[in-house]
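Let's take a friendly walk through some side-chain contacts. Keep the sequence and the 3D view side by side as you read.

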Amino acid sequence: MDFAAVFSHLDLYWSGFLRTLLTSAIAVVLSLILGLIVAALRVSGVKPLAFFARWYVEFLRNTPLLVQVFFFYYALPQLHLPFLNFNGFQAGVLGLSFYTAAYVAEIVRAGIQSIEAGQMEAARASGLTYVQAMVYIIFPQAFRIVIPPLGTEYINTVKNSAILAFFAGADLMYVADTLQGSTGAVFAVYITAGLFYLLITIPLSVFVNFLEKKLLVA
């Protein structure tokens, strides 16, 4: 295994590492916001909203992530609207965010439905609106329950960010693909890429475990 070829291109790996980190961070924030909204719609009791939320989840969970990113990268620009012309990085982030939000929505929905219905009724009876009751009463309790599966989903998001390599997204996988083509050091190039991914996923896993224990004690 020719690791000399890898060591002479470590700057490219660090650049790809930062791009992967940025992609994952944006996708985590966007998917959390969108996932909370979809979960709230799903349990709202308003049939048209619940129907829309359900089909959002079903459609995105049952179609490949690659197809969804292709849609953002190739299909939307065909509408010839300037704000829908996405580069590889933007298309990858959007596809990853919408895809992850479908899973986040289901995780949060399960958490919400594990909370006693009486708590929502009591919150509404005390004068809170539906949104206020969700934000101040239901979501904080649901989060304690959903932290483990949510953490697992976000570790998957980091790994799924490798989709950017298909769109010249300059992420870790794109760097590895480029280097294996130019150096021929296939084993060393991909092993190193895997180690860089672990620099993100292992600390994230440790943080989720810490948070889970802390919330159980609180």
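## A partly exposed glutamate and its partner

Glu58 has a relative accessibility of 24%, so Glu58 counts as partly exposed; here buried means under 20% relative accessible area, exposed over 50%, and partly exposed in between, with a 1.4 Å probe and protein chains only. Arg61, at 30%, is partly exposed too. Their side chains meet in a salt bridge, 3.9 Å from N to O. That term stands for a side-chain nitrogen of Lys or Arg within 4 Å of a carboxyl oxygen of Asp or Glu.

Both Glu58 and Arg61 lie in helix 3 (residues 47-61), three residues apart, about one turn of the helix. Helices here are DSSP runs (H or I, at least four residues), numbered from the N terminus. Arg61 has another contact: its charged end sits over the ring of Tyr103, 5.9 Å from the ring centre. For this, NZ of Lys or CZ of Arg must be within 6 Å of the ring centre and within 35 degrees of the ring normal.

## About the model

This is a predicted model, in which local features need pLDDT of at least 70 and side-chain atom pairs count only at pLDDT 80 or more, while totals for chains, interfaces and linings use all residues. Residues are numbered from 1 along each chain as its sequence is written, and side-chain values use heavy atoms, leaving out hydrogens and water.

## A salt-bridge network

How many salt bridges does the structure hold? There are three. One of them joins Glu106 to Arg42, with the closest N and O atoms 2.5 Å apart. Glu106 lies in helix 5 (residues 88-113) and Arg42 in helix 2 (residues 10-42), so this pair ties together parts that are 64 residues apart in sequence.

Glu106 also forms a salt bridge with Arg109, where the closest N and O atoms are 3.0 Å apart. Salt bridges that share partners join Arg42, Glu106 and Arg109 into one network. Glu106 and Arg109 are both buried, whereas Arg42 is partly exposed at 21%.

## Rings that pair

Aromatic rings of Phe, Tyr and Trp (its six-membered ring) pair if their centres lie within 6.5 Å; planes under 30 degrees apart count as stacked, over 60 as edge-to-face and the rest as tilted. By this rule there are 14 aromatic pairs. In one of them, the centres of Phe70 and Tyr74 are 5.2 Å apart and the planes stand at 65 degrees, so the pair is edge-to-face. Both residues lie in helix 4 (residues 65-75).

Elsewhere, ring pairs link Tyr13, Trp14, Phe17 and Phe196 into a cluster.

Key
Helices (H or I, at least four residues) and strands (E, at least two) are DSSP runs, numbered from the N terminus.
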